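Here are my notes on the model, point by point. Have a look at it first, then read on.

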Amino acid sequence: MIYDPEEQVEADFKSLLAELSSVTGMDFSEVKPGRAREGFGFMAVPLHTYLKNNPGIADAIKSLRPRGLIKRIDLVNGFLNIDIDNYAYAELVINSILSAGGKYGWSPRCGGSRVVIEHTSANPIHQLHTGHGRNMIIGDTLSRLHRFCGSEVSTRFYVDDCGPQVMYMAIGYQSAKELINERIRKGAKPDKVLGAVYSITYAVGEVQRLSTAERSVENDDEKRKLIAERDEWVGVLAKWSSEDEELVNALASSLGGVNVTDEVGRWVREYERGNQEIRSKVREGIERIFDGFKSTLSSFGASFDAFDWESEIALDTGLAKALVDRIVAAGADYVERLGGAVTVDVERYAKDHDLANSLSLPKFLPKAMLTRSDGSTLYLTRDLAYAVWCLDSCKPSRVIRVIGSEQTHPQAQLRVLLHMMGYDAGRIMHYSYEMVNMPGAKMSSRRGRIVSMDDLLEEAEERVWKIVKDRLSKEEAGKVVKAVAVGAIRFSFLSISPLKVLEFNWDKLLDLKQNSGPFIQYSYVRASSILEKAGYPAITGVAAPKSLSEEEVKLIRDLGGLPRALAEVSSNLRLENLVDYVNRMATDFNVFYEKSPVINAEPELRDFRLALVTAFRTALGNVMNIMGIPIIEHM
RNA sequence: GGACCCGUAGCUCAGCAUGGAAUCAGAGCGACGGCCUCCGGAGCCGUAGGCCGUGGGUUCAAAUCCCACCGGGUCCGCCA
């Protein structure tokens, strides 16, 4: 079976270059054949450097004869261009797709290994917002891509259940449990309700803390600052009151007698120590939130193989503390103590061991702090334990962690610390992405100011509904609404490079026109529609017709190049390239569709075009599966 | 103060890693003008719109590589 049609052409091209080598006595093994610019054939290689010193090459090129798929050889503007036999290539591409089916796009270069992909990993304290959504969609697409490529993939959600944030949520939950559970029983989304509880509890704590602080300060300026800060949190409470007065009142009255900030500190310590009562109270809240997370994740087509609880992996095993000892022993020269706190000069260690390139480190690294002066662990230490646990027990060839760019430094510190303990830290990759920005105000879950993925999906569904309600039966419309909404959202998140800050904009994110998820789905639907009318003919082989139109040639080249494109994306992980490719495939299909009748074509042409449409539909479907864009037959 | 990322059409973005094309640096949105007696118009075709942030450098060749600067974002916590 031929997996990669384009590679066949490249093989012929290489043989051509080899002959040119033997004729001229020059070495062309370094040159890389690439796709020719439109109008210059199929493949090209720049020979300017060679031609400059050896004009004789031009004559040698004239003596080269076509071979295999290569039909024409030209030297233009210093480029060696080749063009191919489009008929033979069309047959090769379509037959490859027909025989590979759902696997078309895979090639040996796509690679198979053992990959751990950690993503989303949101704090279980509120709904997934658009920032987590970006993480989730990137992570899930990376997972789908690697699975498609034949890798053994383990997707993991790291549950941060030890930090103070989660305690605010849990304390709030426990102090108004009946009311909250009733809301959930009546259909409220649990992560939404508990997100409010988290924000309200936090605000109550801040109002208490700032009021106390204000009373003990003499300086008027400072006093004013504290009052202003406190008033902001009073405002947050007022905002929640206007939405759900009952909940705010319930929380405020039951929290009135406790010092929330102190209580949070106590819960953090007790939780870390393994106090069973606190453990079960906190986990009760987290599990509620996970009920909400899981429904959102599944709406967007994302799933996890495992939820890894920080407390179990890093604390209960004693691993986090043990690692501190290991580092103190292994990197004694770099360990410093501030009070009782253990810190490590990772920057100096990295310099001494020349790790900057191999671990892709920034030029500056702050000192890594492993314990507080009371000996308790910090997030970094527990994260380090997680990494060690993962490397030891999952035995991955690669770990891809999708984490926001603001964690560049801690993630780099983590790699250096791993190296210090003798681990192959290069295997851990921080797949960094930039934040999602709201116009005007910054998102803040503490202030209850977020756009959740649930909100986004709901809005998308409403917009799709308006388009669909008049053109499909009610039953059918209901089925496609979510699929199209999810397709639109996943596509737009993927189409922006993760290195760029994503400016949140409803209209941009929920684009339903060309260069969008729905455009891809629409192209698939059009292909399906043709095949449906033709009765989904079983096509096993194809013969190219006597003439091929420009649109057909273009579409076939898109299809033939897919395995190569996927192999490239699987190695560079630039998902936006995939978006570009799938959009080109769809656009070229739509042009073909406008210009080339299929059903009503002459019999011979009809058969060929049906095969081409079948091949397109298969190939497009494969890419859509990788991107997580739902496949639908009507819309 | 230091480090990292971003700067391409009015707006949102590809292209940069691995420099390469003959009068033309690509999409989408928005604007303007066409195309349904013909497989689904969420489509197709066309017009207008760019000193690729600025200034140097390297090269036969720079949006792409190097340096400096300017704008925007992020990080530099005994938070996560």
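1. Which residues come nearest to RNA strand B? Of the 81 residues around RNA strand B, they are Ala44, Gly163, Gly339, Arg372 and Ser497; near means a C-beta atom, placed from the backbone, within 6 Å.

2. A word on the basis: this is a predicted model, where local features need pLDDT of at least 70 and side-chain atom pairs count only at pLDDT 80 or more, while totals for chains, interfaces and linings use all residues. Residues are numbered from 1 along each chain as its sequence is written, and chains are lettered from A and ligands numbered from 1 in the order in which they are written.

3. The surface near RNA strand B divides into 36 nonpolar, 27 polar and 18 charged residues (Ala, Val, Leu, Ile, Met, Phe, Trp, Tyr, Cys and Pro are nonpolar, Asp, Glu, Lys and Arg charged, the others, Gly among them, polar).

4. Now the sheet: 3 strands form an open, antiparallel one in the order S8-S9-S10 (strands are DSSP E runs of at least two residues, numbered from the N terminus, and pair if DSSP finds at least two bridges between them). At the edges sit S8 (335–338) and S10 (368–369), each pairing on one side only.

5. S8 and S9 (residues 341–344) share 4 bridges. Arg337 has Val342 in S9 as its bridge partner.
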